[in-house]
Amino acid sequence: MGVLNSSTKVCKSILLFFFVLMAGCYQQPSAENLQYDADAVEEIRSQVKAMDWE
Amino acid sequence: MRLQSKHLKRFWPILFYSVPVLATVTFLMASWGVWPFEACELPESLSSAAKTIDHLFYGIHTLSMLILLGTGVAIGWVIWKFDHRRDPNRKAAYFHHNTKLEVLWTLIPAGILVALAFYQMNSWAENKMNRPMITDVSGTEIPKPPLVMVKARQFGWEFHYAGDDGITETADDLYIENLLVVPVGEDIVLQLESRDVIHSFFVAELRLKQDIVPGKTQFAWFNPIRPCEVDILCTELCGWGHYKMKARLKVVPRGEFDKWLNELKQDYQPQELACRAIPVGEPPALPRGGGPSTGSVTNDHLSVAEVARLWTHHETFLQSLARSASKVPQAQKRDREFTSERQQP
Amino acid sequence: MRRLPDNRLKLTAIRLAACCLALVGLAGCGEPPQTVFKLNSVELLKQEKLFLSGGQSFDDRYSTEIGTILTAFFGTPDQPRVPKVLPEEDPAAEVLSQEKLDAAAGPVLSTLGDNGYHGKGLYREHCAHCHGITGDGAGRTARSLNPYPRDFRLGKFKFKSTPLRSMPTDDDMMQLLVKGVPGSSMPSFRGLLKSDLEALVDYVKYLTMRGQYERYLMAELSNLEEGEPLINLTASGVQDEDDPAKEKYLDSMFDLVGEGLVEDVVERWIDTDDNRSEVPDAPAAMLLDHPDHQALVDQGRVLYYTGGNCAQCHGESVAGNGQTETFDDWTNEWIKSPGVDPFAPATYADFTAAGALPPRPILPRNLSSGEFRGGGQPEDIYLRIANGIEGTPMPAAATLESDQIWALVAYVKALPFIDVDQRLRHKSVNDNAIAK
């Protein structure tokens, strides 16, 4: 029984290790990130270039 | 088939014995700088104290190596010789406590430890207890005052140079971050303090390592033997930025040091005054103290050479201490009291 | 003994679960997602609270449009752009160098590159940990630091040689990197190559401009009609100059780009050296061993309690305990929003959810500590008193003469070496002197 208990403990610590590993890999939710429209970005760049700023 | 299974039976003793074998091989390779352990020896020493420390280090290293080799061989011999499968009929002997053996293996390590303790005593006293002494005007030996107060903080090093008065923690201290410049060939005393948590001042090339405990003032000293530029590291895990807590130590000739300190001092003078030429050849004014200054308006600026002279010979050190007694920080007061106590038989 | 099989079953289950978790965990580490800037959600929430009624929020299209406009001019964290607008002689090109931005941006690659910089990704190696990828002062360690790391996006810098409301010089920023900020968590980066530091200065300026422009765009949102975009790109093709859509498009280009980006953001960073405040000559008595030095310190002491009015905030014992319930501008930015009480966490839960750090009052400096965040040299302290400190309640000393300021500098420099009892006696000494 003692052996079994100790291996349960080992398994638990392995689990904990993976939990910590996952916590380290946590990425920020994408909602916080800046959304942009890649086509519109190019559009604005070309339009700014085409503008007559005088 | 039979051969194979016989070898398989040896699997566990071989596996376990591979640990001391690997350790011994690594140890020997590192000792002789065999690939891939070429750079395992201590870095080139730059301090006069390094000789005895290295001597101790390599002595203990050799001793440990001999013990490791001895125990490794003994364990190997026992694992092999008394393997159950070599002689299945042999019964394991069950015994406990052998007074002779126990006395032996207690006394031998104890003897080694005591011998080491005596052997290292001088070196320890030299590097951690007996601060370099200087003689003041009255002929009394006093501990050399610190050149720099080192304040460790998360995550950097502050160096407060004692200004003209040669005393740290006064209004004329000069401050710089992450750069320590000291003159070569002189006893350099550092006053170590922490602003927040425990740090540790470590310069491998000087064989100098000193923990810095918040609320405590400690002193460390060294005597650099040649000009160099090395890193100062924090060797106490002090927070997330521990890895970047690094400063530069520059050892330069005295003249260059004076020039550098003077430049630093110019930074701490208001611009208009800093530009004014420093009078040469004038008698030096007494270091600033509690009483009225003897310097005139044009001669109120001690040249660095003069300060250096004052600093080196400490002709007026005690005098200035007495004059600014109210301003002497607690740490130095304590330190002086401690020294006078210690000197009495 | 009967329980043994049960346990075995459990063990197997746990092992299986561990394997699954390991797979999931490793998968999470496999593909690093593309690094992007963060939207200034706190500012957006503030604008919503100010201009929209009853908990309404701006259309999500606006956040995307702001992201698009910002990306068009400033690029991404991996590919930053100097926000150039004009084909030639663009002001932004005077302020930022693309080469330096490239050295500071991108993922960390810390080997000495052939471009003279220490590889790439300098900002992420040395700064992003606290200041965040976006320069929002909300990196991973930010929450545990006091004071919080600087949020560059407001365009306010504390320690500079220029007056309030003007941008710091490159040299100011360089000095700050080299010396660090004693008393805060900002370390000194003296060990870095000079070229690396220069690249970092440019990158911080870049992040600041980007943040300033983002806030400008967000402030524009309240002027828009329902559903109207910031820039109506579809109208650009219209040839007729009198078409109202085309007119609006041209207006928005001139307003948002010409005025908003070029004039309000980029041009404020041009020739910052010219704005540098003059530090007048110091009286000779500033020298520590000058016979009149003590008299100058005494004059400073009187000013501390009277003309300079320093004691009101820094306290009568100079321990920085006078005014302890004010906030700095970075916090005031959002705690002044309707319904927010900085001392009642429930009233600002939506702001902290949007990424704001819990507000902390700003404490006046304890002048007896001997630590001066903006530098301990007499000129540094002179500038702090004469110009005030941007973003904090420390005002510019408008009513003091330069000699009076020097006297205060002398007093402030002397304070760490005057013991507490004596300092506390100063107040009564002064009061008596005034009464007479």
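**A walk through chains C and B**

The C-alpha centres of domain 1 and domain 2 of chain C lie 36 Å apart. The model you are looking at is a predicted one, so let's take it piece by piece. To find these two domains along chain C, look to the domain assignment: domain 1 covers residues 35–276, while domain 2 is made of two segments, 284–326 and 361–435.

Where the two domains of chain C meet, 12 residues of domain 1 are in contact with 13 residues of domain 2. On the domain 1 side of this meeting place, the residues divide into 6 nonpolar, 3 polar and 3 charged.

Now turn to chain B. Its pLDDT averages 76, and 75% of its residues score at least 70. One stretch to read with care is 272–345 of chain B, where the pLDDT is below 50. In the model, this stretch still has 92 contacts beyond near neighbours in sequence.

Chain B also holds an open sheet of 5 strands, and you can trace it in the order E6-E12-E11-E8-E9. The pairing in this sheet is mixed. At its edges sit strand E6 (179–183) and strand E9 (208–212) of chain B, each of which pairs on one side only. From one strand to the next, the twist averages 20°.

E6 of chain B and strand E12 (residues 246–252) of chain B run parallel and are joined by 5 bridges. Finally, helix H5 (residues 254–267) of chain B lies across both E6 and E12 of chain B, and H5 runs at about 135° to E6 of chain B.

How values were computed. Residues are numbered from 1 along each chain as its sequence is written. Chains are lettered from A and ligands numbered from 1 in the order in which they are written. This is a predicted model: local features need pLDDT of at least 70, side-chain atom pairs count only at pLDDT 80 or more; totals for chains, interfaces and linings use all residues. pLDDT is the predictor's confidence in each residue, from 0 to 100. Two residues are in contact if their C-beta atoms, placed from the backbone, lie within 7 Å. Domain bounds come from an automatic or database domain assignment. Ala, Val, Leu, Ile, Met, Phe, Trp, Tyr, Cys and Pro count as nonpolar, Asp, Glu, Lys and Arg as charged, and the others, Gly among them, as polar. Two strands pair if DSSP finds at least two bridges between them. Helices (H or I, at least four residues) and strands (E, at least two) are DSSP runs, numbered from the N terminus. Axes are lines fitted to C-alpha atoms, for helices over the stretch in contact, and angles run from 0 to 180 degrees between N-to-C directions.
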